[in-house]
Amino acid sequence: MLQRLSAGATLDELSGVLARDVRALTGFDRVMVYRFDAEWNGEVIAEDRRADLEPLLGLWFPASDIPAQARALYATNWMRLIPDATYRPVPLEPPTVGGRTLDLSGAMLRSVSPVHLEYLANMGVGASMSVSLVDRGKLWGLIACHHYAGPHRPSYTDRTAAEFLGRPASLLLPTKVDAGEQGGVVQVAQRQAELAAVIGRTPRGLAAALADGEVTALDLLPAAGAAVRLGGQLHLLGTTPPAERIGPLVHDLLAAGVRATDAVGRVVPAAADLAATASGVLVAEVAGGRGDYLAWFRPETLREITWGGNPHTSKTAQTDAGPRLSPRRSFDAWSETVRERSQPWLDHEVAAACGLAALLTATAANRATEDNRLATALQRTLLLEQLPKVPGVDLAARYLPSEDDVVGGDWYDLVPLPGGRVSVVLGDVAGHGLAAAAITAQLRHALRAHLLRAAGPAAALDGLNQVIGALLPGKLATAVVAELDPATGEVVIANAGHLPVLHATGGGAGTCTRGGVPRSACWTPPVTGRRG
């Protein structure tokens with residue numbers, strides 16, 4: 001039997017061998033291999049039965065047939081036997097031990113729920129046995145055995161052998177399931193490798209590479225659409241929900257602790273109207289604090305499911321002990337069209353999406369580290385190693401970067417001018433990191449050149465403004481220049497959008513604004529200077 005189990009190349013072959021051999025071993029009228037889906041509905045994927053019995057192969061049974069309490073017991077107790085479904089339960093004497101109710105969870109002789117006995121009676125089952133199939137600690141399915149000709153009690157040896165078969169079958173399940181998905185696994189792995197190569201070649205253009213390259217994020221998984229949000233910018237590929245709906249949808253899914261769903265309306269009811277484009281959603285966060293993510297979308301796929309009886313006919317019955325569930329009486333095939341569900345996301349697809357997001361996170365972090373290193377080196381070249389010597393003036397400078405933003409677009413400068421004058425400069429380029437530092441270097445040198453040639457700081461800033469407009473369109477910077485003549489003490493200030501100059505004297509300090517106090521030379525728009 002073990003040889004036959006191992007020889008099965010697919011899940012269908014494994015489950016078929018399992019059903020046949022367990023029936024031959026135990027003598028039950030019907031043996032089924034029953035597989036749970038993500039919502040604990042069960043499908044009969046293999047069956048071996050007495051010739052006169054109606055087939056149940058391919059039928060689905062709702063999660064309510066095996067409630068959560070029973071599933072928890074199946075995950076810990078691999079074997080369960082009801083040799084006579086018409087038995088009369090016997091009360092436990094005494095009902096408590098040491099003041100505590102005795103836990104019979106692991107006892108083979110404990111009674112079962114009256115609802116389950118009624119369920120078996122409605123199916124015409126006189127005896128039953130089940131062996132759990134557990135995949136990596138989680139209940140995957142059952143080997144369900146039914147007997148219709150009355151009570152049936154397999155020997156202890158046969159029961160032990162049946163349970164033994166269930167254990168290696170459980171170990172083989174991941175291999176057989178993966179074998180059935182092997183083609184898709186290989187294709188996704190190939191796409192993942194191609195995208196990794198693209199990311200390695202273009203670490204500074206990740207969004208464009210993933211959205212517009214030869215191989216895009218949409219190619220990674222079987223999906224109708226994808227969304228790539230990197231650097232705070234959203235890029236859409238294929239068929240997706242409206243752009244304004246995607247961010248809130250991703251937020252709500254992650255807030256609910258759901259990364260992948262094939263029925264988004266059940267997780268986020270407000271998104272039920274997106275079924276045509278996004279019944280299925282898979283989200284992978286890209287870490288970095290900017291709310292970046294990758295998302296894939298699948299439309300609803302209409303599916304015809306045949307249930308073993310109408311799953312909606314269970315009722316609540318009143319008993320002496322209070323209300324309890326009364327199971328359905330008919331198990332005739334009952335078909336239903338399922339809407340607002342997509343093809344489910346497979347484990348290897350979720351893993352590939354998370355792997356791509358992790359690679360983007362690592363690449364962005366490495367790029368940021370490298371950018372900061374380069375920007376820091378560049379910015380250091382902008383700082384004056386030694387202040388110029390200007391007769392009659394004491395000069396000092398202090399530059400203290402923010403802890404949170406070591407590299408930015410700020411700069412200062414001291415420029416000796418012809419005739420003994422000196423210009424004190426403060427500037428700030430909008431933005432941070434390497435890009436801002438590179439622009440800062442250009443503006444610092446351009447302003448130096450204009451200060452040496454222009455007729456005053458206002459004209460110099462005017463010239464710098466022309467440089468930005470012509471060579472750096474779309475960039476923004478502010479600057480203030482204070483030109484000092486040590487011989488006369490005269491100061492001319494030109495301010496192009498920067499913070500006001502602080503004028504400190506022995507009697508106090510104040511900001512220098514046009515027409516304000518103290519009466520320092522002040523200037524606001526970069527057109528002409530005002531002397532004082």
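This report walks through a few local features of a predicted model.

## Ground rules

Local features need pLDDT of at least 70 and side-chain atom pairs count only at pLDDT 80 or more, while totals for chains, interfaces and linings use all residues. Residues are numbered from 1 along each chain as its sequence is written, and side-chain values use heavy atoms, leaving out hydrogens and water.

## Around L73

Let's start with L73, which sits in helix α3, residues 68-76 (helices are DSSP runs of H or I, at least four residues; strands are runs of E, at least two; both are numbered from the N terminus). L73 is partly exposed, at a relative accessible area of 25% (buried is under 20%, exposed over 50%, partly exposed in between, with a 1.4 Å probe and protein chains only).

Setting aside neighbours within four places in sequence, L73 is in contact with S105 and R110 (contact means heavy atoms within 4.5 Å).

## Backbone points to check

Most residues other than glycine have a negative phi, and most peptide bonds are trans. Against that background, W40 has a positive phi of about 70°; W40 lies in the loop between β1 (30-36) and β2 (42-49) and is partly exposed at 23% relative accessible area.

R136 also has a positive phi, near 50°. R136 belongs to the loop between β7 (127-135) and β8 (138-147) and is exposed, at 66%.

Finally, E93 and P94 are joined by a cis peptide bond with omega about -10°, and P94 is in the loop between β4 (79-82) and β5 (96-97).
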